[in-house]
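Notebook open, model on the screen. I'll jot things down in the order I looked them up.

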Amino acid sequence: MIDFIRYRLIYFALSGLIIGSGVFALLRWGINLGFDFTGGTVWEIQSSKPLDQTRIQEIFKSKGLEVKVQVNQSLYSAKISSRKEFRREEVLKELLAEYPNLVSLRFETLGPKVGSELIRKTLIALTIATIGLLLYIAYRFKGLVYGLSAILAVVHDTLVLIGSAAILGKIFGFEVDLLYVTAVLTTISFSLHDTVVVFDRIREIKKKNPTSSDKDVINQALNETFVRSINTSITIILMLFALLLLSPGAIKNFVITLFIGSITGTYSSIFIASPLIVTFEDLKKLIKHARSGK
């Protein structure tokens, strides 16, 4: 039987290093917010021949415009988006010189889909949901440490994803949009579900072996659920990897976020949530001992 709990400080140190790197990137470079948060101009075009993403960006850049271009080679179409407003007449002549049969499918200027009021209400909803989950898990498993451990594991996953977005945004231009938010919420639900499965196994073993120590019970539970968690995670990761290779540019960031989330969600349910229970129990005993010593 693998002694998972013995190495819990290594797990915590590794997570601290990963989260610390992400927090540094977040404070240093911030997050590259996408069109859903900033608003701007969207122009969809289609041609009778393949469109060159680099060439289109060069044409806009020559006019002092920074744009993001997503090309669909199978349809000979492209989606051009900019956080600033621009007039298509500014670049239409140059584009027609490159692509004589260019057709404009859509051109519009939009405000941000996510406003400050929506963000405020979302944060309130998340706070209420977090408190509700904390109380429910604590009640379901007869211990506040279970609720705290599960919530901290979720916080761990969220920080990893936010930090990853900051790092990828700096290196690869990764943008945070509504699909990214969806992927984060999906990761949280996946991670929480996996954590609850392990906790449920801990509870069953405790009923059968009430005199066993928390460390032994949790080690046994992790050993019994480890293969199931890894197999589930590998299945999801393989599917996402295939999707990452084949998916169009519009959902690549969504797939990347889910890919990272699947890994960190599985990791936290095994190596963070359950070891935290032992750590909290040790702290409770330490505090109790200190008080009795007085």
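I started in helix α7, where Asp200 and Arg203 both sit, 3 residues apart, about one turn of the helix. I take helices (H or I, at least four residues) and strands (E, at least two) as DSSP runs, numbered from the N terminus. The side chains of Asp200 and Arg203 meet in a salt bridge, 2.3 Å from N to O. My cut-off for a salt bridge is a side-chain nitrogen of Lys or Arg within 4 Å of a carboxyl oxygen of Asp or Glu. Asp200 is partly exposed, at 24% relative accessible area. For the record, buried means under 20% relative accessible area, exposed over 50%, and partly exposed in between (1.4 Å probe, protein chains only).

A note on what I'm looking at: this is a predicted model, where local features need pLDDT of at least 70 and side-chain atom pairs count only at pLDDT 80 or more, while totals for chains, interfaces and linings use all residues. Residues are numbered from 1 along each chain as its sequence is written, and side-chain values use heavy atoms, with hydrogens and water left out.

I count 15 salt bridges in the structure. Next I checked helix α9, where Lys284 and Glu281 lie 3 residues apart, again about one turn of the helix. Their side chains meet in a salt bridge at 3.7 Å, N to O. Which of the two is buried? Glu281 is, with a relative accessible area of 15%, while Lys284 is partly exposed at 47%. I also noted a network: salt bridges that share partners join Glu44, Arg106 and Glu108.

Then a pair that links distant parts of the chain: Arg55 is in helix α3 (residues 53-62) and Glu98 in helix α4 (residues 89-98), 43 residues apart. Arg55 forms a salt bridge with Glu98, and the closest N and O atoms are 2.9 Å apart. I find Arg55 partly exposed at 30% relative accessible area, and Glu98 partly exposed at 28%.

**Arg106**

Arg106 is partly exposed, with a relative accessible area of 28%. What does Arg106 touch, leaving aside its neighbours within four places in sequence? I get Val42, Trp43, Glu44 and Lys79, with contact meaning heavy atoms within 4.5 Å. I also looked up Arg28: Arg106 is 78 residues from it in sequence and 37 Å away in space, C-alpha to C-alpha.

**Strands**

I traced the pairing next, where two strands pair if DSSP finds at least two bridges between them. β1 and β4 pair in the antiparallel sense over 7 bridges, and Gly40 has Leu110 in β4 as its bridge partner. β1 also runs antiparallel to strand β3 (residues 77-82), joined by 6 bridges. Along that pairing, Thr41 is the bridge partner of Ser82 and Gln46 stands opposite Ser77.

Why is strand β1 (residues 40-46) largely enclosed by the rest of the structure? Because 5 of its 7 residues are buried. β3 is largely enclosed too, so I wrote down 5 buried residues out of 6.

Strand β2 (residues 68-72) pairs with β3 in the antiparallel sense over 5 bridges, with Val71 bridging to Ala78. I see a hairpin here, with 4 residues between β2 and β3, and Tyr76 in the turn has a positive phi of about 55°.

**Cores and a patch**

How many residues has the largest nonpolar core? I get 28, and those with the most contacts inside it are Ile137, Tyr146, Phe199, Ile202, Ile218, Leu222 and Ile277. A nonpolar core here is a set of buried Ala, Val, Leu, Ile, Met, Phe, Trp, Tyr and Cys residues joined through side-chain atoms within 4.5 Å. The elements that give two or more residues to this core are α6 (144-172), α7, α8 (214-246) and α9 (252-293). The largest share, 9 residues, comes from α9. Another core, of 16 residues, lies apart from it and has Ile59, Ile80, Leu95 and Tyr99 among them.

Last stop was the surface: Ile119, Leu123, Leu126, Leu178, Val181 and Leu185 form a nonpolar patch, with about 480 Å² of accessible area together. The elements that give two or more residues to the patch are α5 (116-140) and α7 (178-208). Patches are made of residues with over 30% relative accessible area and no salt bridge, with like charges joined within 9 Å and nonpolar side chains (Val, Leu, Ile, Met, Phe, Trp, Tyr) within 5 Å. Accessible areas come from the Shrake-Rupley method with a 1.4 Å probe, and for residues only the protein chains shown count as cover. Leu178, in helix α7, is partly exposed at 35%.
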